[in-house]
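My notes follow in the order of looking.

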Amino acid sequence: MQPAQDSLHRGLEERHINLMALGATIGVGLFLGSATAIKMAGPAIMLAYALGGFAIFLIMRALGEMAIHNPVAGSFSRYALDYLGPLAGYLTGWNYWFLWLVTCMAEITAVGVYMGIWFPDIPAWYWALAALVAMGGVNFIAVKAYGEFEFWFALIKIVTIVLMIIGGLGMIVFGLGHGGVATGISNLWSHGGFMPNGFSGVLMSLQMVMFAYLGVEMLGLTAGEAKNPKKALARAVDSVFWRILIFYIGALFVILAIYPWNELGTRGSPFVLTFEQLGIPAAAGIINFVVLTAALSSCNSGIFSTGRMLYNLAQQQQALPVFAKVSRQGVPVFALLMSVFALLMGVLLNYLAPKEVFTWLTAISTFGAIWTWVIILLAQLRFRRTLSREQLAALAYKMPFWPYGSYIAMGFLILVVGLMAYFPDTRIALIIGPGWLAFLVVAYYLLGYHKRSAEEVARLAQNAR
């Protein structure tokens with residue numbers, strides 16, 4: 001084992017990061033159908049995804065500006081430390097570590113459910129454990145192995161969505177699989193109108209829509225291991241909005257044009273229905289395979305993210321020093337081991353604990369996502385204020401509409417938090433989330449991290465690079 005000074009290796013190529021940017025914006029929820037959100041907004045759900053997508057685009061541009069200027073593994077946790085102080089960096093790092101831990105637990109559990117469709121007699125926990133061991137093993141090899149798996153996982157999702165959109169447009173325009181009778185797009189307004197529940201329905205769906213975008217900010221964590229971070233990250237971030245437009249809104253447009261919005265969720269996945277109508281009898285099996293790879297992709301990303309965040313916290317001396325050590329392949333082995341062990345305990349907890357416990361954990365991760373996005377925006381505002389006029393002019397990549405774009409995105413996130421407080425089902429996130437932050441603050445002071453000045457912590461992190 002080599003000391004931390006050997007640092008992470010820059011093994012991620014531009015094609016890896018480009019496909020990871022795509023894959024990060026496409027979750028399992030799209031394939032299984034955003035039925036609950038569609039029930040709230042009807043066809044106007046596309047408007048909700050467009051609004052949320054624009055906010056995410058602004059957040060990613062803010063992150064991109066800092067990541068291209070200073071490409072480090074800790075990304076937004078390091079920027080929070082540099083521009084908002086040690087406590088903000090500590091809270092953001094540990095919060096994000098836990099957020100991905102819970103997300104990854106859910107995805108590993110989902111793998112067991114999806115495999116159960118093909119192998120109903122094998123206990124689901126076998127598959128959950130196998131998925132954890134397999135994805136953990138990939139992450140221990142080298143960052144290039146992680147990037148390669150993510151490349152192919154993302155490609156499978158992208159190809160499936162593109163084929164569904166092309167096949168769906170064939171039905172809409174030429175009547176493919178529909179006896180040659182074009183379905184048209186009248187379903188977008190025939191069942192109570194485009195906005196059947198008014199604009200309040202769109203607002204109600206926003207909380208669910210935003211959580212579908214969770215994970216896109218993970219691109220920032222690749223900055224410390226990208227071969228050419230300035231070029232690769234700029235291209236990946238720039239394309240986020242268009243990818244959301246094509247893959248989320250494009251897929252939803254096709255689905256909602258072909259099927260009445262008030263029937264979705266009662267007849268299975270729209271993807272399965274579309275492929276079956278196009279004459280593909282194995283549609284259910286194909287979509288199950290795609291959703292399985294999407295869950296494995298999320299698990300793979302979760303292990304990568306938690307390992308890198310723990311490594312960064314150790315560099316800042318806000319976690320055990322052993323987590324800052326890397327192998328000869330540039331892999332933070334002990335940080336990854338800690339994350340995999342925590343996931344193992346999480347999978348066990350998921351099977352043993354009551355549903356309420358897991359709901360509470362998920363609520364913390366939900367709150368953690370919004371916290372991370374707000375911190376990115378706040379850090380970028382402070383980052384800009386540290387630059388001289390010459391440095392500002394020399395920035396290779398800039399946040400558009402600054403500072404108004406940052407304020408608009410932050411206002412949007414505050415609106416989502418307000419909506420979470422309004423609905424009883426999500427209100428718990430605003431009780432448990434701040435409670436979790438309070439626990440982290442107590443730990444911060446009990447462990448004596450507060451005794452180090454911002455300059456000292458920043459110097460430790462800089463020296464560890």
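**Salt bridges**

I searched the whole structure and found two salt bridges, a salt bridge being a side-chain nitrogen of Lys or Arg within 4 Å of a carboxyl oxygen of Asp or Glu. This is a predicted model, in which local features need pLDDT of at least 70 and side-chain atom pairs count only at pLDDT 80 or more, while totals for chains, interfaces and linings use all residues. Residues are numbered from 1 along each chain as its sequence is written, and side-chain values use heavy atoms, with hydrogens and water left out.

I looked up Arg-61 and Asp-238, which form a salt bridge with their closest N and O atoms 3.1 Å apart. The pair ties together parts that are 177 residues apart in sequence, because Arg-61 lies in helix α4 (residues 45-69) and Asp-238 in helix α10 (residues 229-238). I take helices (H or I, at least four residues) and strands (E, at least two) as DSSP runs, numbered from the N terminus.

Next I checked accessibility, where buried means under 20% relative accessible area, exposed over 50%, and partly exposed in between (1.4 Å probe, protein chains only). Arg-61 has a relative accessible area of 14% and is buried. Asp-238, with 33%, is partly exposed.

Then I turned to Glu-65 and Arg-384, whose side chains meet in a salt bridge at 2.9 Å, N to O. Glu-65 lies in helix α4 and Arg-384 in helix α15 (residues 355-385), so this pair ties together parts that are 319 residues apart in sequence. Both Glu-65 and Arg-384 are buried; for Arg-384 I noted a relative accessibility of 10%. Side chains of opposite charge can pair when their charged atoms come close.

What else does Arg-384 contact, leaving aside neighbours within four places in sequence? I counted a contact as heavy atoms within 4.5 Å. Besides Glu-65, I listed Leu-392, Leu-395, Lys-398, Met-399 and Trp-402 as contacts of Arg-384.

**Backbone**

Most residues other than glycine have a negative phi, and most peptide bonds are trans. I looked for departures from this.

The peptide bond from Trp-402 to Pro-403 is cis, with omega near 0°. I placed Pro-403 in the loop between α16 (389-394) and α17 (404-422). Phe-401 lies in the loop between α16 and α17 too, and has a positive phi of about 60° although it is not a glycine. Phe-401 is exposed, at 53% relative accessible area.

Gln-317 is another non-glycine residue with a positive phi, near 55°. I found Gln-317 in the loop between α13 and α14 (333-352); its relative accessible area is 34%, which makes it partly exposed.

**Two single residues**

I looked up Ser-305 in helix α13 (residues 283-315). Is Ser-305 buried or exposed? Ser-305 counts as buried, at 1% relative accessibility. Its contacts, apart from neighbours within four places in sequence, are Tyr-96, Trp-100, Met-218 and Leu-221.

Glu-13 is in the segment before α1 (14-24), and at 23% relative accessibility it counts as partly exposed. Not counting residues up to four places away in sequence, Glu-13 touches Lys-144 and Lys-227.

**Helix pair α7 and α8**

Helix α7 (residues 124-141) and helix α8 (residues 143-174) pack at an angle of about 130°, their axes 6 Å apart. Axes are lines fitted to C-alpha atoms, for helices over the stretch in contact, and angles run from 0 to 180 degrees between N-to-C directions. The two helices are therefore oblique to each other, since angles under 35 degrees count as roughly parallel, over 145 as roughly antiparallel, 65 to 115 as roughly perpendicular and the rest as oblique.

I listed Met-135, Val-138, Asn-139 and Ile-141 in α7, which meet Ala-145, Tyr-146, Phe-149 and Phe-153 in α8. By class, this contact has seven nonpolar residues, one polar and no charged (Ala, Val, Leu, Ile, Met, Phe, Trp, Tyr, Cys and Pro count as nonpolar, Asp, Glu, Lys and Arg as charged, and the others, Gly among them, as polar).

**Confidence**

The protein chain averages a pLDDT of 82, and 87% of the residues score at least 70; pLDDT is the predictor's confidence in each residue, from 0 to 100. Among the elements of the chain, α17 has the highest mean pLDDT (92) and helix α20 (residues 454-464) the lowest (58). Over residues 1-5 I saw pLDDT stay under 50, and the model has 14 contacts beyond four places in sequence for them.
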